[in-house]
Amino acid sequence: MKVLLLNGSPRKNGCTYTALCEVADALKKEGIESEIFQAGNPSKEAVKEAAEKLKQSDGLIVGSPVYWASPTGKIIEFMDMLCSMAGNELLYKPAAAVASARRAGTTATLDVLMKYFLYHQMPVVSSNYWNMVHGNTPEEVRQDKEGLQIMQILGKNMAWMLKSLEAGRKAGISLPEQQEKVKTNFIR
Ligand SMILES: Cc1cc2nc3c(=O)[nH]c(=O)nc-3n(C[C@H](O)[C@H](O)[C@H](O)COP(=O)(O)O)c2cc1C
């Protein structure tokens with residue numbers, strides 16, 4: 001089993017990456033593979049590459065630094081494109097969002113990222129607090145012991161969810177039947 005972790009920061013090895021590494025470490029301890037994908041550049045090629053990787057993955061984690069109390073514009077664009085291009089690959093896969101900030105805007109950031117999961121019927125994986133770390137540098141994030149524990153628990157919980165779903169599949173529980181979408185547009 002594999003989890004794809006998207007790093008929505010333009011800083012490849014910054015704070016978000018440090019948080020995602022902690023989640024990856026917890027997944028590894030549970031025997032789950034993972035890959036951190038640099039998603040700070042929403043080019044068509046990069047999104048296509050991520051879509052291919054998503055196809056081979058059983059779970060998804062989307063990380064973003066907080067910019068102006070929101071996710072970065074780049075990860076929003078990346079997720080918009082990913083959903084248009086490969087929305088079907090998101091369906092029913094367990095997912096979580098992670099935010100990194102100097103100080104504020106984390107829960108608003110998580111709310112925005114969560115919207116992609118809720119639309120695609122993805123079971124949302126949680127931790128023992130909202131999934132955030134604090135710091136401006138990886139060194140500062142490593143001092144945020146509570147944040148690191150949140151990431152470790154998130155990884156453990158993701159592993160538990162994946163193993164439970166796998167056990168369900170083996171026991172004959174199939175995915176819910178897809179329904180034709182009813183679209184009602186409000187014009188006035
Ligand atoms: C353009 C910009 C806007 C930012 N806005 C916020 C903010 O609203 N709240 C906050 O706490 N930190 C803010 N920060 C700080 C980053 O969220 C913080 O340093 C984060 O941990 C960086 O993660 P990264 O190293 O993965 O990019 C901002 C940083 C930048 C560059």
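Is Glu30 buried, partly exposed or exposed? Glu30 is partly exposed, at 24% relative accessibility (buried means under 20% relative accessible area, exposed over 50%, partly exposed in between, with a 1.4 Å probe and protein chains only).

This is a predicted model, in which local features need pLDDT of at least 70, side-chain atom pairs count only at pLDDT 80 or more, and totals for chains, interfaces and linings use all residues. Residues are numbered from 1 along each chain as its sequence is written, and side-chain values use heavy atoms, with hydrogens and water left out.

Lys156 is in helix H6 (residues 145–170) and Glu30 in the loop between H1 and S2, 126 residues apart (helices are DSSP runs of H or I, at least four residues, and strands runs of E, at least two, numbered from the N terminus). Lys156 is partly exposed, at 47%.

Next, select Glu35. Its side chain meets Lys2 in a salt bridge of 3.0 Å, N to O. Lys2 lies in strand S1 and Glu35 in strand S2, so the pair ties together parts 33 residues apart in sequence. Lys2 is buried, at 16% relative accessible area.

Salt bridges that share partners join Lys2, Glu35 and Lys53 into one network.

Key: Salt bridge = Lys/Arg side-chain N within 4 Å of Asp/Glu carboxyl O.
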